[in-house]
Structure formats: C-alpha cells, structure tokens
Amino acid sequence: MKIQPSDKPLLEWAGDSLAIGLFEDAVELTGELATLDQKFSGILKELIAEEEFKGKANSTIFTRVNAGSPVRKLILVGLGKPEALKPDTLRRAAAAVARVGKKQKSKILGFSFPLWNNDPAASAQAIAEGVELALYQDIRFKSEPEDKGSQIETVDLLGFGGQEAAITRANQIVSGVNLARQLVAAPANAVTPITLAETAQAIANEHGLQIEILEREECEKLGMGAFLGVAQASDLPPKFIHLTYKPEGTPKKKLAIIGKGLTFDSGGLNIKGAGSGIETMKIDMGGAAATLGAAKAIAQLKPDSEVHFISAVTENMISGHAMRPGDILTASNGKTIEVNNTDAEGRLTLADALVYTDKLELDAIVDLATLTGANVIALGEDIAGLYTPDDAVASQIEKAAETSGEKIWRMPMEEKYFEGLKSGIADMKNTGPRPGGAITAALFLKQFVKETPWAHIDIAGPVWTDKENGYNGAGATGYGVRTLVNWVEGSGE
C-alpha cells in the first residue's frame, strides 16, 4: 500500500472511494463540498439526511455513486466537536475510513480531512498512521489467509501536497509499532529469549546500532542475582540485551528505555492457576517488544539524543532448579530480596536492568512493563499507569503520550506503602499487600535507581485488546512505541 500526498483538487480527484471528514453538528455542505454534492446530483445531502448523520467522532456512512462516475463510492466520517480536534482525532477517523474502504473493496482511497492546528505535517502524519495501524494484519501462523479480498493499494491525502516527509515519518514509526505487535502476538515457542536477542541483533545490523548481548556467565560476573534467580528454572538461556543508538555529533540528551522481557510467565512455583490466563502469558514481554519497536523507529528517525534500549530477557518456568518462595536473592546493587511470590518475577528482572542502566550516566530512564494486575484494576484496560518521583520526566511523558493518543495516567508514589515490602530477614520482599499493589511494585523498582531521573510505565492493560479498539485490531497493540518516540524527540524541550 502506498500513501501519498496530493495537490489534486477535490472536485477533480478520481478513484474508488472518497472519504470526507465532517465535524459534529456541522454537516451542512458549503463551499467546495456543496459543489461536489451538485456534481453527484445531491447524493451527499440526501445521504446525510437519510442516515441522520451528525458527525459524531468515528461514525461512518457511505454510498455508491452513479455508474460512470470518476468516484465509485463516497464515505463520510465524523470528527466530533471542532474544538476537540487533536491529531488522534484524525488518526482514529482515518482508521475508521480505512476499514470501511477495505470492506468496500476500494483499491484507491482518497481523504479530504481538515488540518489540525494549521499543521499539515502533523495532520498528514496522524492520518497516515491511522490508516497503516488499522489495516495491519498478522497472518504469520495461518496456513491460509482468511481475508482473501482486495486490498487498498493507494491512499491519496488531498490537500497535503509536499508532505512526503510526514508520511515517511509515519511509516517509520508504524514499522516499530508493528514489530512490537508481532513480538507480543507470537507464541512463546516462537519468541524466546534467543529469538528476541536475534531480533535485537537484526535491528542493529539493519540500522547501524551498537549492540551488546550479555550471556548468563557475564550476568553472573555483574552480580545480577535477581534476574538470574528468575531465569534459573528455564531450559533456555537468559539474554541481557543492550542496544545503543548514537546520533552524529554531540547528543542533546542521553536516555534509556528498559523493557520487561518475560517471554513466558508460568508464575513459577507460585504457578498461575486455572482461570488465571496463563495461556496469554506470551504477552509478558510487552515492555521488551515496545523497547525494540522504539529502537527500530528511532534508528530510522535519527533524533539528536543518544538512546539505550535494554531488556533482561528470560522465561519464568518450573523445574527442580526453580527459585522457591522464601528464597533470598541478591541484586547487582547488593540489595537482598526475600521472594514471597515467584509470580512477581518481572520486578526482579527489572531490578538488575535498572542497576545496570543507572551506571551509564544518563539524563533519564523510562521502563515499561506488564507488571501488575493491580494497575488494570485501578485504570482499566486502555490506560497505562505512570509512576515517577520526578515531575519533569512525568511532564515529558504525559506530553508525549498526549501527542501519540496513547492513554496514560500518573499515579502516586506513596512512600509509606513501602512498609508493606519490609522483610524480617532481607532488605525487602518482592511483593506487598494487595491494596496499592501497583504502587508498591513501583516503589520496589525505585530501590534500584540511585542517580538517574526515572519513570516506570505499567502497560499491563493496554498491551493487548480482545476486540477492535480504535486503530488497534483485536490482539497486540504495540502500546508505548509512539509515546517513547515522542519522548525521545521532545525530552530536551
């Protein structure tokens, strides 16, 4: 599929389907749209009246045009209230149109959408992202594709002439999102610590990034007892991935993104029981997937900040070598941890990843993890939780998420709650009481960052959707990639 800008006048465009965006309660056709309606014998006005179309956000209607017309079908999509227009409004509306266009077997699809904030580049990027994200399909594990219908081949963005760079930027970002989607969606016998490390190596080779992959023995030398405690039950070797993007010249900032990388989580000896969703635990490397997706996108976008992409990757399995409830692990900063629940393993792997990253003398660290069910209980399945003691980093991430349309909410870091993690025989336990479980998880991670401004994002909810949701189809969403890209590019502002 090719998405391209076009200076072709609306009245002269020809193709299979033409999509027009209209604001809520402002669906009266004026100016060029009124002329277009006259060209098609009043069919638009008639369609709006018959369907009682009000322009509510993402609502769509369509109609066939008379035979012999240069446009085969017309699609109207609602944009909501004009004062609420955002890039994500255009992104979601474009996704809705793309799905209609595909169902209507449109090979050539045209968009006539308004500008957001008089910014043609941001508007074109958002529309292109919406189309690409919505039309993504993962058929790798199907012997025969279920969808054998025609595909959209060309998308024209009318009125966006000269915005090739914005569309290219959208392509680069979506390539990272779709990599993350593929990694999360793949089963645990396809995405293992070994194959995840191979994916990182492929990104480095393709885009010229530096890479270091630490094996078990090297992690032992660094004292990563928390990470290796989780890894010791698996038959597959752990991999500690460190990718680095360096810009030409002196970097504006030095940043790090850490992703939790549990390619499968059985729960360990505190095994996940029936009805616990153990069959979905391939998604427990969603943080690592977003990290590698961001690496792929950022390597193409070439921002002026240095970025480190880090993940301690393993499985949490059961065997005679497994860590036991009650065991004490020693992290690489010397902190001792009483394991009172082997199913709270992600924070153990992140502990050593944070200690390692904190020593790199960076300006900020962000970690992403499918860490707690408690965060889903608090914020639902669409919203990630943001945990940080640093207001500046919090503001940067909130701004980045707002632009991306990925929902996030800052949660409190109530220091008093750390009392629930105190151990009688070690420095801390790895879990606390059920109330405030997402907060105590973040407070646990905080113990392993000494010098660097840091934020933790709990993505347990939005990493996956069971049904179509906006520009995400059912399955892995690639959550976090677009926010991370925006954060890296805007962190110095």
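Helices here are DSSP runs of H or I with at least four residues, strands are runs of E with at least two, and both are numbered from the N terminus. Keep in mind that the model is predicted.

View 1. To find Ile 271, look in the loop between strand S10 (261–265) and helix H9 (286–301).

**View 2. Six strands form an open, mixed sheet.** Read across, the order is S1-S6-S5-S2-S4-S3. Strands S1 (2–6) and S3 (60–64) stand at the edges with a single partner each, so one side of each has no neighbour in the sheet. On average, neighbouring strands are turned by 20° against each other, ignoring direction. S1 pairs with S6 (residues 154–158) in the parallel sense over 5 bridges, and Gln 4 has Asp 156 in S6 as its bridge partner. Helix H3 (residues 87–103) lies across S2, S3, S4 and S5, at about 145° to S4.

**View 3. Asp 343 and Lys 272 meet in a salt bridge.** Their closest N and O atoms are 3.0 Å apart. The pair links distant parts of the chain, 71 residues apart: Asp 343 is in the loop between S13 (336–338) and H10 (346–358), and Lys 272 is in the loop between S10 and H9. Lys 272 is buried, at 16% relative accessible area, while Asp 343 is partly exposed at 25%.

**View 4. Arg 410 and Asp 391 form another salt bridge.** Here the closest N and O atoms are 2.9 Å apart. Arg 410 belongs to strand S16 and Asp 391 to helix H12. Asp 391 counts as exposed at 55% relative accessibility, and Arg 410 as partly exposed at 29%.

Key. Residues are numbered from 1 along each chain as its sequence is written. This is a predicted model: local features need pLDDT of at least 70, side-chain atom pairs count only at pLDDT 80 or more; totals for chains, interfaces and linings use all residues. Side-chain values use heavy atoms; hydrogens and water are left out. Two strands pair if DSSP finds at least two bridges between them. Axes are lines fitted to C-alpha atoms, for helices over the stretch in contact, and angles run from 0 to 180 degrees between N-to-C directions. Contact means heavy atoms within 4.5 Å. A salt bridge is a side-chain nitrogen of Lys or Arg within 4 Å of a carboxyl oxygen of Asp or Glu. Buried means under 20% relative accessible area, exposed over 50%, partly exposed in between (1.4 Å probe, protein chains only).
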